[in-house]
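Hello,

Here is the structure for your files. Notes on the sheet and the cores follow below.

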Amino acid sequence: MSTPSIPFQTTEWETLDPTFHAGETGMAEWRTKEFGDLRIRMVDYSDNYKADHWCEKGHIVFCVEGEVLTELSDGRSFRLKKGMSYTVSDALSSHRSTTQKKARLFIIDGGFLGIGTAPVLPVSA
């Protein structure tokens, strides 16, 4: 599936119907817009949320509020604070999120993050 052309539009996230996703502990509330294989979400995590799986999907993630600890299956972990982001392609780093307090993330994913779909760009500091 490909991403269709998207005309200019605004999104009032609070007006979108949420879906609820139970973690190993806590809950994630997603408000989602989809355009072909492009998915854009505002995700609210409850206190003491822990994902119930290791995710293989690629994402562009921006922390809007709070803090999220992102664990990688290789044992590394990264604390994402308000104003920080991370980017990962599909199948490159199994990851899962945990929170102590409520947090909000803005997440973009889709086919464009698949391995081999775009040139690898150099990492900048």
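Two strands count as paired if DSSP finds at least two bridges between them; strands (E, at least two residues) are DSSP runs, numbered from the N terminus. This is a predicted model: local features need pLDDT of at least 70, side-chain atom pairs count only at pLDDT 80 or more, and totals for chains, interfaces and linings use all residues. Residues are numbered from 1 along each chain as its sequence is written, and side-chain values use heavy atoms, with hydrogens and water left out.

Six strands form an open sheet in the order 1-2-3-9-4-7, with antiparallel pairing. Strand 1 (19-22) and strand 7 (85-88) are at the edges with a single partner strand each, so one side of each has no neighbour in the sheet. Within the sheet, strand 3 (residues 38-45) and strand 9 (residues 103-109) are joined by seven bridges in the antiparallel sense. Tyr45 has Ala103 of strand 9 as its bridge partner.

Cores. A nonpolar core is a set of buried Ala, Val, Leu, Ile, Met, Phe, Trp, Tyr and Cys residues joined through side-chain atoms within 4.5 Å, where buried means under 20% relative accessible area (1.4 Å probe, protein chains only). The largest such core has 15 residues, and those with the most contacts inside it include Tyr45, Leu105 and Ile107. Strand 9 supplies the largest share of this core, three residues. Another core, of five residues, lies apart from it and includes Trp13 and Phe35.

Leu105 has contacts (heavy atoms within 4.5 Å) beyond its neighbours within four places in sequence, among them Val43, Tyr45, Val61 and Leu80.

Regards

Definitions and conventions: Helices (H or I, at least four residues) and strands (E, at least two) are DSSP runs, numbered from the N terminus. Buried means under 20% relative accessible area, exposed over 50%, partly exposed in between (1.4 Å probe, protein chains only).
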